[in-house]
Amino acid sequence: MKEYIDSGILEVFVMGAATDEEARELMYMKAKYPEVDEALKQLETDMEKIAGEMAISPPPHMWEKIEDEIDGLIRLENPAQPVKFRTSGDDQNKHKKAPPEDQFIPIESESNHMRLHKSWRWIFVAVFVLGKIFLGFAIYFYLENRQTRQQLQELKTEMRELKKR
Amino acid sequence: MNTRLQTSAPMGQSKSAAVLNLYNSYSAKLLGYIYEVVQNKPIAEQYLSAVFNDVPNELEEFSKSGTSAFCRLQIMAREKLVHFFEALENDTDKRAWENLPWVNNRYVTLMTSFQQQVFCDIHYQCKSAGSIAIELNKTEEEIRKTLKECFTIIRNGRINERVH
């Protein structure tokens, strides 16, 4: 058992670099041997400690953004697709082009769904309402115009009759 | 401390609550890790957001994967960061990134250059043990052993901190 623990497979596993077969074997060993379980927990603590060294607090409103995204995804029941952030050669470190904070994450997706910011909802409502108003006006003026033409036609007929007399 | 995810609440609203729980516990550590990799705060924040957006779909995996919640999140982040490396389109970008000072980590500085290379290749560059073995002309077993040594150094470093 010590040989298994010392092989480094646990370290590879906690770093997500184990193959599926290695992971399955490790899960079996973990369930069977408490010392493997203990060693794995120890490693996980180590990983957290390493990360804790460089921890950075996220910006205050980050959770709200994530929650909005999650709510949208839950509603769509559409799993998120892999993301790829673009690089830019003229960046200071020649790394990533940093988009503005409010910009959406570009998602490469084969899905037919399109995700929009919530504020578009009000724009769509406004467009819908304005559309209805314009339609109302169009119908009103069409009827008015038709009535006027009828009246004009009647007047012309009357005038012709008067002329004949 | 129990670092496993508790998912006993009803699924609907509990998804968001479970993600919030994870976010409160690990977002700072995860952002720190991602920042070490990408060296750009706005991009690191976007990756963090992308990871947590995926959590609702992975909640089951959190319960059954056998790893701690933090390690699972870190693995998810690594999967996302693969696209970061794909985005390093040319050799100049790649070289510039490889020369970044992400060996600032106190524990990493305690390692030998070979140990640092193995640790950083896996931890920051998300490479597999197999690919590192090929790159460095070593066996996978040697890479694993080296990785184990790295963790021993980290653990000893922690113990020394406690003593002092």
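**A walk through chains A and B**

Start by selecting B:Asn137, which sits in the loop between α6 (129–135) and α7 (140–163) of chain B. Helices here are DSSP runs of H or I with at least four residues, strands are runs of E with at least two, and both are numbered from the N terminus. This is a predicted model, in which local features need pLDDT of at least 70 and side-chain atom pairs count only at pLDDT 80 or more, while totals for chains, interfaces and linings use all residues. Residues are numbered from 1 along each chain as its sequence is written, and chains are lettered from A and ligands numbered from 1 in the order in which they are written.

Stay on B:Asn137 for a moment. Its phi is near 60 degrees, a positive value in a residue other than glycine. Is B:Asn137 buried or exposed? B:Asn137 counts as exposed, with 7 C-beta neighbours inside 10 Å. For the cut-offs, a residue is buried if 20 or more other C-beta atoms lie within 10 Å of its own, exposed if 12 or fewer, and partly exposed in between, with C-beta atoms placed from the backbone.

Next, select B:Gln39, in the loop between α1 and α2 of chain B. Phi of B:Gln39 is near 55 degrees, again positive in a residue other than glycine. B:Gln39 is partly exposed, with 18 other C-beta atoms within 10 Å.

Now move on to helix α2 (residues 41–64) of chain B. This helix has 24 residues and spans 32 Å from first C-alpha to last, close to the 34 Å expected at 1.5 Å a residue; the expected span is 1.5 Å times one less than the number of residues.

Finally, color by chain. Chain A has six helices and zero strands, and chain B has seven helices and zero strands. Of the 165 residues of chain A, 20% count as buried; for the 164 residues of chain B, the figure is 45%.
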